[in-house]
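This report walks through one protein chain, from its overall form to a few individual residues. Please keep the sequence and the structure in view while reading.

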Amino acid sequence: MHEMAICQGLMSQVEQIARDKGATRVEHIVLSIGPLAGVEPELLSRAFEVARADTLASTAELEIETGPVVVECRSCGAKGGAKVNRLLCPSCGDWKVNLVQGDELLLMSIEISGIPV
Ligand SMILES: [Zn+2]
């Protein structure tokens, strides 16, 4: 499962950050997933429940935010929201657009605890 591999990559990233800060526990993880990232948030949450075992984030909560799809027109330069299955310029309707946002998978923030004094 594709989501599982993403989750494992994410967990090592999260653990790295937590260790760098000397934390012993990760409480909360916030992810931002674009609608075009090719990732099912529901499958990712399920993969997370498995991937978090035996890590610093074994009791962490995963929060997934889905961002908008934003395109920039190569004809008229307009920038704006577009539908996932209809990537057209919001201003002139041209299909020659660049994707500005929508296919990202970003670790937004993590909350850690157990930092030794
Ligand atoms: Zn346009």
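## Terms and basis

A residue is called buried if 20 or more other C-beta atoms lie within 10 Å of its own, exposed if 12 or fewer do, and partly exposed in between, with C-beta atoms placed from the backbone. By that count Ala53, with 9 other C-beta atoms within 10 Å, is exposed.

This is a predicted model, in which local features need pLDDT of at least 70 and side-chain atom pairs count only at pLDDT 80 or more, while totals for chains, interfaces and linings use all residues. Residues are numbered from 1 along each chain as its sequence is written.

## Overall form

The chain has 2 helices and 6 strands, where helices (H or I, at least four residues) and strands (E, at least two) are DSSP runs numbered from the N terminus. Read from the N terminus on, these elements run α-β-α-β-β-β-β-β.

The C-alpha atoms of the chain fill a box of roughly 55 × 30 × 15 Å along the principal axes. The radius of gyration of the chain is 18 Å, whereas a compact globule of 117 residues would have one near 13 Å; this radius is taken over C-alpha atoms, and the globule rule is 2.2 Å times the number of residues to the power 0.38. Of the 117 residues, 26% count as buried. Among the contacts in the chain with a separation of 6 or more, 70% are between residues 24 or more positions apart, two residues being in contact if their C-beta atoms, placed from the backbone, lie within 7 Å.

## Two domains

The domain assignment of the chain gives domain 1 (1-67 + 102-117) and domain 2 (69-101); such bounds come from an automatic or database domain assignment. The centres of domain 1 and domain 2, taken over C-alpha atoms, are separated by 30 Å.

Where the domains touch, 7 residues of domain 1 are in contact with 5 residues of domain 2. The residues on the side of domain 1 that touches domain 2 divide into 2 nonpolar, 3 polar and 2 charged. In this division Ala, Val, Leu, Ile, Met, Phe, Trp, Tyr, Cys and Pro count as nonpolar, Asp, Glu, Lys and Arg as charged, and the others, Gly among them, as polar.

## Nonpolar cores

A nonpolar core is a set of buried Ala, Val, Leu, Ile, Met, Phe, Trp, Tyr and Cys residues joined through C-beta atoms within 7 Å. The largest has 21 residues, of which Cys7, Val14, Val26, Ile29 and Ala57 touch the most other members. The elements that give two or more residues to this core are α1 (2-20), β1 (25-33), α2 and β6 (105-113), and α1 gives the most, with 6 residues. Apart from this core lies another, of 6 residues, among them Val69, Val71, Cys73 and Val97.

Leaving aside neighbours within four places in sequence, Ala57 is in contact with Met11, Val14, Glu15, Val26, Ile29 and Arg52.

In α2, Leu44, Ala47, Phe48 and Ala51 are buried. These four cover an arc of only 110 degrees around the axis, which puts them on the same side of α2; the arc is that of the directions from the helix axis to the C-beta atoms. What covers the buried residues of α2 includes α1 and β2, while on the other side of α2, Glu42, Glu49 and Val50 are exposed.

Ala53 is found in the loop between α2 and β2, and Ala53 and Gln16, 37 residues apart in sequence, are 16 Å apart in space from C-alpha to C-alpha. Asp54 is found in the loop between α2 (41-51) and β2 (61-66) and counts as exposed, with 8 C-beta neighbours inside 10 Å. Most residues other than glycine have a negative phi. Phi of Asp54, however, is positive, near 60 degrees.

Cys76 is found in the loop between β3 (70-73) and β4, and with 14 C-beta neighbours inside 10 Å, Cys76 counts as partly exposed. Leaving aside its neighbours within four places in sequence, Cys76 is in contact with Cys89, Ser91 and Cys92. Cys76 and Cys89 are 13 residues apart in sequence and 8.5 Å apart in space, C-alpha to C-alpha.

Gly80 is found in strand β4 (residues 79-81) and counts as partly exposed, with 15 C-beta neighbours inside 10 Å. Not counting residues up to four places away in sequence, Gly80 touches Val70, Pro90 and Ser91.
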